[in-house]
Every structure is written in structure tokens, then in C-alpha cells.
Amino acid sequence: PEVTHVAVAFDHVIESFRIKMYAGYKSSAGVDPVILSQFPLAEAAVKALGLVTWPMVKFEADDAIATAAARFKKIKSVEQVVICSVDKDLTQMVDGDKVVCWDRRREIVLDEKGVTEKFGVSPESIPDFLALVGDSADGYPGIQGWGEKSTSTVLAKYMHIEAIPSD
């Protein structure tokens, strides 16, 4: 299919409101200042190319991408939404083959079947999966004793943390 729309989201502030919810959430601590100083340059370059930019201040780039995917998948004339990210969080947005995630580094496209094969759970259960096993990219450790295998086995049956029996 032909590409008709492209947008790029940027994190202007790495420290989001989520740090107030969990102090260990990702921040710019330890990020090389040379890298941080390149963010505005990268955004300016994308704008100069004529691409739509979403500079995120209160929310994160992931939030803009997820919102766009949720909105555009409902439009009948949109054949497919391709999320170009390796971020595990965004795999929760995958919907059949209408919304897919593209790992451009490894040239892998994850549709709904691909997410289930990779994580052992459907896209709907990805937030629960990451909450239990943790996500080092976002700075939260998960729950001790919940590895990927046990988590995917339990969530394949119960879908969400709230539905898991306490025993």
C-alpha cells in the first residue's frame, strides 16, 4: 500500500507526569547531554522535511502515537496504520493487521498474531504483561517471581491482572 500520511512524535520533556506516580519511571538522568541536545535538532530536521511533528510536553511521544493509531484505525479509508517503533508498550495498539508495529531495525512487522507469538499474550494484555514482568526501558522492575513464561501463561487465560485469582 502507498504511504499517505506520516507523523513523528517527539518527547520534549522526558520527565512526564508518570514520575509523580512512580519515582523510578524513566527520566533523563544518566542520558548523555550531547544526546539530549540533539533532540531539538532532530525535530527541526523532521519539520524541514515537511513531515507532521507532534512535540510532546505534558505527555510522551508514545501517547501521541497511541492516540493517532486509535483514531486513524477507525477511518474506513485508512487501510493500515504502521507504528514505527520497537517500544513494547506500543504493541498494545496492534489490531489485527489494521494496526501493526514495525521493528525497522530487524525488518519485522508485528500484527496481532505476531504480538501473541512474541509475548505469549494478545495486544490487549500487553499493559498487564509489562506491569508484571517489568520494562527496563521505562524504568519499572515488575513483580518478583513473575517471569515472561509464567506471566504469559497466566495472562493467556485471565487476560488482565485484576482477573487473576489471588490463589
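**Exercise 1.** In what order do the three strands of the open sheet line up, and what is the pairing?

*Solution.* A quick note before the steps: this is a predicted model, where local features need pLDDT of at least 70, side-chain atom pairs count only at pLDDT 80 or more, and totals for chains, interfaces and linings use all residues. Residues are numbered from 1 along each chain as its sequence is written, and side-chain values use heavy atoms, with hydrogens and water left out.

Step 1: The order is β3-β4-β5, and the pairing is mixed. (Strands are DSSP runs of E, at least two residues, and helices are runs of H or I, at least four residues, numbered from the N terminus; two strands pair if DSSP finds at least two bridges between them.)

Step 2: At the edges you'll find β3 (81-84) and β5 (108-110), each pairing on one side only.

Step 3: Now zoom in on β3 and β4 (residues 99-103): they run parallel, joined by four bridges. Here I83 sits opposite C101 of β4.

**Exercise 2.** Why is helix α6 (residues 126-133) said to be largely enclosed by the rest of the structure?

*Solution.* Step 1: List the buried residues (under 20% relative accessible area, with a 1.4 Å probe and protein chains only): they are I126, D128, F129, L130, L132 and V133.

Step 1: That is six of the eight residues in α6, so the helix is largely enclosed.

Step 2: Look for the cover, which includes α5 (112-119) and α7 (148-158).

How values were computed. Buried means under 20% relative accessible area, exposed over 50%, partly exposed in between (1.4 Å probe, protein chains only). Contact means heavy atoms within 4.5 Å.
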